[in-house]
Amino acid sequence: MRLRHVSFLTVSVFGLCGLLSVSWFTAFSGSRGDVVDVYQREFLALRERLHSAEQENLRRSKELNLVLEEIKRAIAEKQALRDINRTWSSLSEETRLKLWNVSSSKSVLQLPSIFHHLPHLLNREDSLLPAVHVGQGRTGVSIVMGVPSVKREVHSYLTDTLSSLMAELSAAEREDCVIVVLIAEADQQYATGVADNLKRLFPAEIQSGLLEVVSPSVHFYPDFSRLRESFGDPKERVRWRTKQNLDYCFLMMYAQSKGTYYVQLEDDIVARPNYFTTMKNFALQQPLEEWMILEFSQLGFIGKMFKSLDLSLIVEFMLMFYKDKPIDWLLDHIMWVKVCNPEKDAKHCDRQKANLRIRFKPSLFQHVGTHSSLAGKIQKLKDKDFGKQTLHKGHANPLAEVTTSLKTYQHFTLEKAYLGEDFFWAFTPVAGDFIRIRFFTPVRIERFFFRSGNIEHPGDKLFNTSVEVLPFDADKEALTEGREKTPKYHRTEDGFIRIGTFQSGIAEGEVDPAFGPLEAMRLSVLTDSPVWVILSEIFIKKAE
């Protein structure tokens, strides 16, 4: 019985211990599971962060590789550009043009351009930019006048031509036109010198926009040494006419957008009075679509008017054949292509061309140059339709003895000019030169008028020259004014009194009656002149 109780107790103890063991194990197992879960979650989060860092590292690595590739590509492109430039320079013009066609257009059709006719222009980006450009860029005018000018071996007529063109314009006409001078020389130093001289002589005209001066880049012209001789002309003449065609093209391209009409002139002409309005009215009277050229001179390429809208066609045609024929032949060929029927005779063709080329009479421009722009060539061309122009105007002046310090040219003496028989023409004046008129007997003078220059040589004017008088009674009180008797007029050291000056080649005015009878009058040159001088009109009116 006792053994049974001990066994029961033992079993109870072991059961209790087992129960406690199971409870402890269960508790321990639950606590351990929570920790594992925590570590597992942290591990998963760490792994996720590592994965993200790895991805970010890969992305940054790719970016760095791209930057490195860009640097390598830039270095390679720079080196390739150098190689291309060296290779491009060694290519022929024909090959360059083909490459330019491929790279400049995605279209299957290749449009012609100036580069097809002048492929050398591809060598320089500035080949079509003017090397010299002076002016205000005026646009929207009725007429643009183009005046190409080149260096002449003997004498330049450019300033005379510009003086004539501008002297015959009214104030309103000056606002409705542009005169473009093209200094057609590759010598930039010479072109700049001419432009500077024009700025000095015509500052107001340039400032107002009336006058513009341009010069092509030295890279505009091709290599003229490879021209072939044609029509029996020597190589120098072929070069001259070829360059002349390109000069006309440059001038037309520059002027096209500036006005409604374009008039081609030369640098050795004079203009008839009222020429601008005459040209404009004649053009407006023509049917818009009928004419192509209006001629205001029968000589060469002088006074030829075109519609600005037609200049593109004309330039394109000239560029196609600029090396082959002179400009007047090319213009005739354009009209032949437009209206002549090969199955008709020459007379029919001439009648058709007459509808495109209309002549105005009398001529508005006269050619005055004798020394051609072609070295050694003398041309005494005169437009018979221009008519005889009066080069001087005579008056009945008081009897006097006339003397001058100027050197007279040929038979154009001061005596003849004073008597109204001819004009006075002399070599370049310098400071201190004079023209003196000493009356045989003292005479009262009411007014005076002196005109320098004439229609054929409008630039031969007197500049910075004063008009002076010598009263017979030089001590008159009338020559002073005010309480302190200050001088009313400037008196020279030899007693002459300055009463006027030349402005734009003309000196005119009234003589103060207080001077009384005059013993003499004098024109005094105050500074050196850049040109010869012509005195084409002398009028001294006696007081009644």
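Let me start with strand E2, residues 141-149, which runs parallel to E5 and is joined to it by 5 bridges. This is a predicted model, so keep that in mind throughout. One of the pairs across those two strands is Ile143 with Tyr261 in E5.

Staying with E5, residues 259-264: 5 of its 6 residues are buried, so the strand is mostly covered. E5 also pairs with strand E8, residues 304-307, through 4 bridges, and here the two run antiparallel. Tyr261 turns up again, standing opposite Lys307 in E8.

Back to E2. Strand E3, residues 177-183, runs parallel to E2, with 7 bridges between them. Val147 stands opposite Val181 in E3.

Now the whole sheet. It is open, has 8 strands and mixed pairing, and the order is E1-E4-E3-E2-E5-E8-E7-E9. At the edges are strand E1, 132-134, and strand E9, 357-359, each pairing on one side only. On average, neighbouring strands are turned by 20° against each other, ignoring direction. Helix H8, residues 235-255, packs on this sheet and touches E1, E2, E3, E4, E5 and E8. The direction of H8 makes about 160° with that of E5.

Gln286 sits in the loop between helix H9, 275-284, and strand E7, 293-295. Is Gln286 buried or exposed? Its relative accessibility is 14%, and the cut-off for buried is under 20%, so Gln286 counts as buried. A polar atom of the Gln286 side chain lies 3.0 Å from the backbone oxygen of Phe282. Leaving out residues up to four places away in sequence, Gln286 touches Trp291, Leu294 and Ile358.

Key
Residues numbered from 1 in each chain as written. Predicted model: local features only at pLDDT ≥ 70, side-chain atom pairs only at ≥ 80, totals over all residues. Heavy atoms only, no water. Buried < 20%, exposed > 50% of the residue type's maximum accessible area, 1.4 Å probe, protein only. Polar contact = N/O pair within 3.5 Å; in protein donor to acceptor, adjacent residues only side chain to side chain. Contact = heavy atoms within 4.5 Å. Pairing = 2+ DSSP bridges. Axes fitted to C-alpha atoms, helices over the stretch in contact; angles between N-to-C directions.
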